[in-house]
Amino acid sequence: MKYLLTILLFIIGLNFTSFAQNKPASAGDPTAKLIKFYPNPSTTVVNFELQRGYDKSYTLQVSNFMGKKVFEQTKFAQKTTINLSNFYRGLYFYQLVDRSGRIIETGRFQVVK
């Protein structure tokens, strides 16, 4: 019985580790990030660049840590720079939304001043 339990735990352990392994993102991978943002943390500006699948109908929304929308840009360009002079220090979340309102990607960045 003890031997059987050891084998069972070993098999379960292998299954959990296979899920935890990171695979490199490729162009055909649906989990690959669509948007790249930098620098993070940011002081004066933050840049957003679409890596693939550029669509002019995307909307970029930025919210503070309380969930209040502080920035929105419709007809999102392939590269967009946001001036952070009116942003307070803290954590912000972005959402890339398509024309039907579906969230394509989310992420977060930090503003330090």
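Helices (H or I, at least four residues) and strands (E, at least two) are DSSP runs, numbered from the N terminus. This is a predicted model, in which local features need pLDDT of at least 70 and side-chain atom pairs count only at pLDDT 80 or more, while totals for chains, interfaces and linings use all residues. Residues are numbered from 1 along each chain as its sequence is written, and side-chain values use heavy atoms, with hydrogens and water left out.

**Cis peptide bonds**

Pro41 sits in the loop between E1 and E2, and the peptide bond that reaches Pro41 from Asn40 is cis, with omega near 5°. Pro39 is likewise found in the loop between strand E1 (35-38) and strand E2 (45-50), and a cis peptide bond with omega of about -10° joins Tyr38 to Pro39.

**Aromatic pairs**

The structure holds seven aromatic pairs, where rings of Phe, Tyr and Trp (its six-membered ring) pair if their centres lie within 6.5 Å, and planes under 30 degrees apart count as stacked, over 60 as edge-to-face and the rest as tilted. One of them is the edge-to-face pair of Phe37 and Tyr94, at 5.2 Å centre to centre with 65° between the planes. Since Phe37 belongs to strand E1 and Tyr94 to strand E6, this pair ties together parts that are 57 residues apart in sequence. The rings of Phe48 and Phe109 are also edge-to-face, because their planes stand at 75°, with the centres 5.9 Å apart. Phe48 lies in strand E2 and Phe109 in strand E7 (residues 103-111), so here the parts tied together are 61 residues apart in sequence. Ring pairs link Phe37, Phe48, Phe87, Tyr92, Tyr94 and Phe109 into a cluster.

| Residue | Relative accessible area | Class |
|---|---|---|
| Phe37 | 22% | partly exposed |
| Tyr94 | 1% | buried |
| Phe48 | 0% | buried |
| Phe109 | 1% | buried |
| Phe65 | 58% | exposed |
| Tyr88 | 69% | exposed |

**Loop residues**

Phe65 is placed in the loop between strand E3 (59-64) and strand E4 (69-73). Tyr88 lies in the loop between strand E5 (79-83) and strand E6 (90-97), and its C-alpha is 7.9 Å from that of Lys113, although Tyr88 and Lys113 are 25 residues apart in sequence.

Key. Buried means under 20% relative accessible area, exposed over 50%, partly exposed in between (1.4 Å probe, protein chains only).
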